[in-house]
Amino acid sequence: IQSLIIDCDPGVDDAVALFLAFAAPELELLAVTTVGGNVPGAKTQRNARIIRQIAGREDVPVFGGAERPLKRPPAGAGAFHGVEGLGDLEPFEPTGIVGDGPAANAIVDLVMSRPEGSVAIAVLGPMTNLALAMRRERRLAERLGPVVVMGGARSEGGNVTASAEFNIWADPDAAAVVFGSGCQVVAFGLDATHQVRATEARIVAIESIDSEAARAAASTLRFSQRVEREIVGWPTFDWGAPLHDPCPIAWLIKPDLFETKPCRIEVETGSDLTRGHTAVEFRIDPATARHRWAVAADAQGVFDLIVAKLKAQTLE
Ligand code: BDR
Ligand code: CA
């Protein structure tokens, strides 16, 4: 069982990632921490508590975190997530409380109070909280287990600019801190997540599971199907919206769903043109590599995993 903190900005695909993690007995969820990203921090924190409540997992604490990136003004992605951040899901005031103290403190406390290398963190939004935690506690990077992130773009370019993917672009300075910290990062950028597409048949498979969590997850997938089709434009009618944030969670549960390669990842923080670009260098000695970059994904396998976990949760 892998102990895990999920740092996120729900966010429709963050929501699916959370539903998957909440349903996976392979993961011991120590906390969910939230950051301003897709929508402002007050909403991502509320949304994480809404998802927790729908999943029936109020045993997992939620901590609110950074409202804004380290140096940049906050940027949103409301067009892809809806103004409230959960697509067509009607937000409500959740009953479960917010944990004490900012997310960065919670991350430090949880990691430093447990054995070295035992706690993984999945960062599914801008990396502000983890960067702040690393600044607060210099030994954090060496204490952390795997750091799995959704972020970055290499082969086909970015989704905000020609060079940059949203999570890195939104807070490149935080991403540079994390990639430069010496911790072991496994990065799931657009090269991998664009292979994992929610086609009609895959959405229907989740929709047909009889649980509130599955219905909520499917609703966010339907929303993405609609807006991505409109905004991005698809080569075929059933191309499918990419399912980004569940990828690192799926990897923690079943690593053989992805092919990853050792590399060094650096982030552009200065240039106006290429801000947030991830320079992924494979030409290094694998023995010294601190990072891995996901190059391929078994898309059907990822969806089968989500279906299997959500189904199993209904039998508990
Ligand atoms: C990433 O950006 C956000 O909009 C998504 O939630 C995902 O984490 C994809 O670029
Ligand atoms: Ca996200």
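**The sheet and its surroundings**

Author: Strands β4 (residues 119-123) and β5 (residues 147-150) pair in the parallel sense, over three bridges. Within this pair, Ile-121 stands opposite Val-147 of β5. The model is predicted: local features require pLDDT of at least 70 and side-chain atom pairs 80 or more, while totals for chains, interfaces and linings use all residues. Residues are numbered from 1 along each chain as written, and chains are lettered from A and ligands numbered from 1 in written order. Pairing requires at least two DSSP bridges; helices (H or I, at least four residues) and strands (E, at least two) are DSSP runs counted from the N terminus.

Both strands belong to an open sheet of nine strands with mixed pairing, whose order is β3-β2-β1-β4-β5-β6-β11-β9-β10. Its edges are formed by β3 (62-64) and β10 (278-281), each of which pairs on one side only. On average, neighbouring strands are turned by 30 degrees against each other, direction ignored. Packed on the sheet is helix α8 (residues 172-179), which touches β5, β6 (185-188), β9 (258-267) and β11 (291-297). The direction of α8 makes about 110 degrees with that of β9 (axes are fitted to C-alpha atoms, for helices over the stretch in contact; angles run from 0 to 180 degrees between N-to-C directions).

Helix α5 (residues 128-136) is mostly covered, seven of its nine residues being buried (20 or more other C-beta atoms within 10 Å; exposed means 12 or fewer, partly exposed in between). The buried residues of α5 are Thr-128, Asn-129, Leu-130, Ala-131, Leu-132, Ala-133 and Met-134. Their partners among the strands are β1 (2-8), β2 (27-34) and β4. Among the helices, the buried residues of α5 pack against α4 (103-112), α6 (140-143) and α8, by contacts with C-beta atoms, placed from the backbone, within 7 Å.

Helix α12 (residues 246-253) packs with helix α13 (residues 299-314) at an angle of about 75 degrees, their axes lying 11 Å apart. From α12, the contact involves Pro-246, Cys-247, Ala-250 and Ile-253; from α13, Val-302, Leu-305 and Ile-306 take part.

Finally, ligand 1 has 15 residues around it, of which Gly-11, Asp-13, Ala-77, Phe-166 and His-244 come nearest (C-beta atom within 6 Å). Helices α1 (12-22) and α7 (166-170) each supply at least two residues of the shell around ligand 1.

How values were computed:
Contact = placed C-beta atoms within 7 Å.
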